[in-house]
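Here is a short briefing to read alongside the model. Keep the structure open and follow along topic by topic.

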Amino acid sequence: MRKIYSTTLLAQAEILRVVLRRHGIESVLENENAAMAVAAIPIPAIPFVISVHDEHAEEGTRIIEG
């Protein structure tokens, strides 16, 4: 799996996942630093990261940037 996009906006991440899925690319939404939030360590924002299988990373990045 390769990370192709990161945002602090959950809605944006979910919309991008739908766009990728419409192009036949399945993705995973990861919540970086979630453990820090659970432990009550102050952080400015928790980024949501979209990851795809390695073979789809280049195409997925192109679609998101498109």
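From the N terminus on, the elements of the protein chain run β-α-β-α-β-α, giving three helices and three strands. This is a predicted model, so please read every value below as computed from predicted coordinates.

**The chain as a whole**

- The protein chain has 66 residues, and 27% of them are buried.
- Its accessible surface comes to about 4400 Å², with 56% of that belonging to carbon and sulfur atoms.
- Among contacts between residues at least 6 apart in sequence, 63% join residues at least 24 apart.

**The sheet**

- What is the order of the three strands in the sheet? They form an open sheet in the order β1-β3-β2, with antiparallel pairing.
- β1 (2-7) and β2 stand at the edges with a single partner strand each, so one side of each has no neighbour in the sheet.
- From one strand to the next, the twist averages 30°.
- Strands of a sheet pair through backbone hydrogen bonds, either parallel or antiparallel.
- Five bridges link β1 and β3 in the antiparallel sense. Within this pairing, Tyr5 stands opposite Ile50, and Ser6 stands opposite Val49.

**Strand β3 and its residues**

- How many of the five residues of β3 are buried? Five of the five are, and the strand is mostly covered.
- In a regular strand the side chains alternate between the two faces of the sheet.
- In β3, Phe48, Ile50 and Val52 point one way while Val49 and Ser51 point the other way, and all are buried.
- Phe48 lies in β3 and has a relative accessible area of 15%, which makes it buried because the cut-off is under 20%.
- Leaving aside neighbours within four places in sequence, the contacts of Phe48 include Tyr5, Ser6, Thr7, Thr8, Leu9, Leu10 and Ala13, and also Leu29, Glu30 and Asn31.
- Phe48 and Asn31 are 17 residues apart in sequence, yet their C-alpha atoms are 4.7 Å apart in space.
- Val49, also a residue of β3, is buried with a relative accessible area of 3%.
- Between Val49 and Thr7 there are 6.6 Å in space, C-alpha to C-alpha, and the two are 42 residues apart in sequence.

- Ser27 has its place in strand β2 (residues 27-31).
- Is Ser27 buried or exposed? Its relative accessible area is 8%, so Ser27 is buried.
- Beyond neighbours within four places in sequence, Ser27 is in contact with Arg17 and Leu20, and also with Ile50, Ser51 and Val52.

**The nonpolar core**

- The largest nonpolar core has 11 residues: Ile4, Ala13, Leu16, Leu20, Ile25, Phe48, Ile50, Val52, Ala57, Ile63 and Ile64.
- Two or more residues of this core come from each of α1 (10-22), β3 (48-52) and α3 (57-65).
- In soluble globular proteins, nonpolar side chains tend to be buried together.
- Phe48, Ile50 and Val52, which point one way from β3, are among the residues of this core.

**Helix α3**

- Which residues of α3 are buried? They are Ala57, Gly60, Ile63 and Ile64.
- These residues cover an arc of only 125° around the axis, which means they sit on the same side of α3.
- The cover over the buried residues of α3 includes β1, α1 and β3.

Terms used: Residues are numbered from 1 along each chain as its sequence is written. This is a predicted model: local features need pLDDT of at least 70, side-chain atom pairs count only at pLDDT 80 or more; totals for chains, interfaces and linings use all residues. Side-chain values use heavy atoms; hydrogens and water are left out. Helices (H or I, at least four residues) and strands (E, at least two) are DSSP runs, numbered from the N terminus. Buried means under 20% relative accessible area, exposed over 50%, partly exposed in between (1.4 Å probe, protein chains only). Contact means heavy atoms within 4.5 Å. Accessible areas come from the Shrake-Rupley method with a 1.4 Å probe; for residues, only the protein chains shown count as cover. A nonpolar core is a set of buried Ala, Val, Leu, Ile, Met, Phe, Trp, Tyr and Cys residues joined through side-chain atoms within 4.5 Å. Two strands pair if DSSP finds at least two bridges between them. Axes are lines fitted to C-alpha atoms, for helices over the stretch in contact, and angles run from 0 to 180 degrees between N-to-C directions. The arc is that of the directions from the helix axis to the C-beta atoms.
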